[in-house]
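User: Hey, I've got a structure I've never looked at before. Can you walk me through it?
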Amino acid sequence: MFLSDISIKKPIMISMFLLVFVVFGGLAYFSLSLDLTPEVDIPFVTVQTVYPGAGPKEVESQVSKRIEDAVATISKIDMIQSFSMDSVSLVLIKFKIGKDGNIATQEVKDKIDIILNNLPKDADRPITKKFDIRAKPVIDIILSGTMDIKELYELADNRLKDRISQIEGVASVNITGGQEREIHVEFDNRIIYKNSISLSQLSQLLKVQNIDMPSGQFKHSSQEYSVRFEGEFDNLETIKNLEIPTANGLKKLGKIANVQDTGANIRERTIFFNNVLKTKKDNVILLSIIKSIDGNTVNIARMLRKELPNIEADLPVGSKLEIVNDKSIFIESSVKDTLSTIFMGVILTALVLLFFLHNIRSSIIVALAMPFSIISTFMLMQAAGFTLNIMSLMGLSASIGVLVANSVVVLENIFRHRASGLKRKEAASKGTSEIVVAVLASTMTNIVVFLPIASMSSLVGQFFKEFALTVTFATLFSLLVSFTLTPMLASRILPERDNKKSWIGKKLEKLFRLWETWYQNILQIVLKNRLRSFAIVMLALIMFFLSFYSAARIGFEFIPIADEGNIQIEVELPQGYNLVETGKLVNIIEGKLKNYPEVKHILSQLGSISQQNIGVNLAKLNIKLVDVKERNMSSAEMADKFIKKLSDIPNAQIRVAAISSMGGPEEAPITFFLQGQDIDQLEIYKNQIIEKIKNVSGLVNLTSSSRSGKPEITIIPDRKKLSDAGLTVFDLAMTLRGAVEGLEATQFKEDGEEYKIKVVIKKDSVDTLEKVGNITIISKRGTYRLSQLVKMKLANGYSKIMHKDKYKSISIEGYTAVGYALGDVVSEIRKNIKDIKMLNGYKIEWGGSVEMMEETSIDMMKTFLIAILLTYMLLAAILESLVQPLMILGTVPLALIGVFVSLDITGKTMSIMSMMAIIMLLGIVVNNAILLIDYTNILRKKGKSVQAALIEACPTKLKPILMSTIAIMLGMLPMAIGFGDAGREMREPMGIVSIGGLFVSTILTLILIPSIYNLTYRRKKV
């Protein structure tokens, strides 16, 4: 071969050429960023509209639906989902992968601009922005101190937020808890009635009395002067002394209203309980750091920890910052542990080589393929924009044994020619040239398997792209090594004459010859006649079908949940409960969990569960467990324990689940949507479904998105009475909102900051149906009570109305219990609800991990079939045969036997990691068959019969087959045994599937391929 001959003749030139890759690969390694998973860009756009005071039904009909209709015509929309809540509409538009996120955002903005005049006049302008699904908090910091919560909030909002945002890679800092400062002008309803004060007019008056305005410039002689009018409120006394027109003449505002520097209504609180120190902080501020799209979590964390002492030094005395959640720790641990599996794989593989070659020189020749290929791969990873993440590093870890396979085959053939009497240079040249087809075929089969994966356009394809391409890069470098470095070193450092072997070497060689003899004897029996060969084929088929028994026992899930030590508890009290009652329940939960030594701390957020679930009756507790090395149970097992512990708490829905950064989408793993056009009919179906599935084994935390809202006072205007009073519906609505919600009149500025000035009525003036009816309405024709102009009724409202793809929808969600597979639970759910008859226009649509699991299974099956087709085409082209590739592909079902049995024995599930390993096996297991068939063809071309060629070729290739197979298996052993704690749940299935499939396929291939060859070519010549 040309390349190997050049390497043998010009070793220094080739060495320098190869060192270029090593040098640049080493430099690339130190510049690659660390991350947990590859960056997957899914175009998401959100449209948020605040409609103050409106209920969910009004928000749905007047805002959400109009926005949905407007954006529905945009191209490449995958899904539209909307949430209509009290005062807020949130519309999420998900685009198909491949759509440019910036273009999508601009298209949505353009559509919204067209319908602005169709939205309610008092609704805020919709905020349209590109949403990054990866934009989750990467670091959580709590701010505590001796000052009150209003001052803490100001400290966090005015100083810390900006300071932290200056760190490179930080996109934003979210603040939870505390109390925002506001100036309230508070009236008693009796004073309003007595003085005939209109809240909306008063709000406008405050606004026009609070103005700073530049008035222009003028020149006098050679000097230019600027004129500025300063009429803004400079202190509260100015506001109090403002003269207000009333029915009884001008009065100072401070005489008829309580003007106070206070805070906004508290609807969120944050509590931090340190279970190690047994300390609790009831009112803290949570600062959640969101990284930018191109930001790196590990770099952000490092810079923050470096900057934190300087930030703390500038805080008031008694204030303290504490990092309570840092995702970079798990990322660094997972990368470190994955690198450790690579290192362990290299060591074990080297030991295998030493065992089989029992020669330091020979072992070094082959072993050098691993560091060269791995280090050089980093160069291409950097060029491709990859990061050091669990997927790219798993690609390297999975390919450890494969990297030496080519060099093993080449070196073994060189040894064979050396043994026949050739000089080392001649043996190196001839040995490499003779094996080119087999090495090229085995390498290219590995590559064509991964290329379809790398080109997949789905979410899973994006997730595995770095894995597939990393394996491809490393394999290409291993091919380069086998045709350059291996023959070059063999021609230089192998002894010209056979040295006397050590006693260990003699013993091992004797053992290998014994194996070859046994194998040869078995082949002579199997190949004696066609009937025996046919029996072997039938036996293999029977074993394949019997393995389906194990396959039936394997559970299915989307992705294994990594144990990051995080457990989330969602708490929901009945509608009507306030923040105080929610806080009491959180205290009860903390009291039950603090006795577990595995609990490190508890961070409780009262007032919301997520962006779509907000309310004072809700809470979310984030439990951080101690390091996995310090506990005997996984986070999922701990969550199961907590479920049982909290099950006796009455009057509350409590959902407990272990969470992970790699746990899939935002929804619960089991999520499906009831869809139709009538919300009341959907409620009927929802109740039927929950009744049928609530007792499904393995289903926990069952809940739905629909629930009755707070008691709602519905007010219907009497239009004739309004006309007689000289009022409009708008006048009535604005007065009502001012009385209940308050009206933001203007801003109060102090030290460069702005605070809301709100006109409000005392809460005790509007806390009953009767008092709401007594709200004062002012018109030019007199003073009225609200009840005189309207009809009022009390009913239950809605807490949230959800649409999905323009259907009214109710989501039903649940989690799987420990020991149950997602696929098994879903199958049972489907079985239980299949007999529910629905009217036309109503349907069930699956989402969450179930939807992704089904999409992935279809995607993986397509990729598997494409990989088989490409492998066949490649082998047919290289071997110049249409039949032999089919024989080689016959090893794939053999690998599946090992896959099913190994997963069944170890109790692992079939997940995307397992499926990926199966596809990867396709490129590995065919290599042994290629070696056997290729050398058999060579011997047949020399005139030997089929039987004689097989009996000689197969035992001759036994040693390289065993060497490369065991090297691959031991290279993956650290993955399979879960070496390292962080992220091992992701690595174990891949290692187990690979080892199981390779082990069984190798054993059966050694017998089955000769049998098939014997049946196929018995009376044919090459």
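User: What does phenylalanine 464 touch, leaving out residues up to four places away in sequence?
Analyst: Phe464 touches Met391, Ile453, Met860, Ile912, Met913 and Met916, where a contact means heavy atoms within 4.5 Å. Keep in mind that this is a predicted model: local features need pLDDT of at least 70, side-chain atom pairs count only at pLDDT 80 or more, and totals for chains, interfaces and linings use all residues. Residues are numbered from 1 along each chain as its sequence is written, and side-chain values use heavy atoms, with hydrogens and water left out.

User: OK, and which residues touch the most other members in the largest nonpolar core?
Analyst: Phe464 again, along with Phe467, Ile693, Ile829 and Met990, in a core of 175 residues. Such a core is a set of buried Ala, Val, Leu, Ile, Met, Phe, Trp, Tyr and Cys residues joined through side-chain atoms within 4.5 Å. Buried means under 20% relative accessible area, with a 1.4 Å probe and protein chains only.

User: Which helix gives the most to this core?
Analyst: That's α32, residues 912–941, with 18 residues. Helices here are DSSP runs of H or I, at least four residues, and strands are E runs of at least two, numbered from the N terminus.

User: What's in the second core?
Analyst: That one is separate and has 38 residues, including Leu199, Leu722, Tyr755 and Ile777.

User: Switching topic: how many helices and strands are there in the chain?
Analyst: There are 35 helices and 31 strands.

User: And how much of the chain is buried?
Analyst: Of its 1022 residues, 54% are buried.

Definitions and conventions
Buried < 20%, exposed > 50% of the residue type's maximum accessible area, 1.4 Å probe, protein only.
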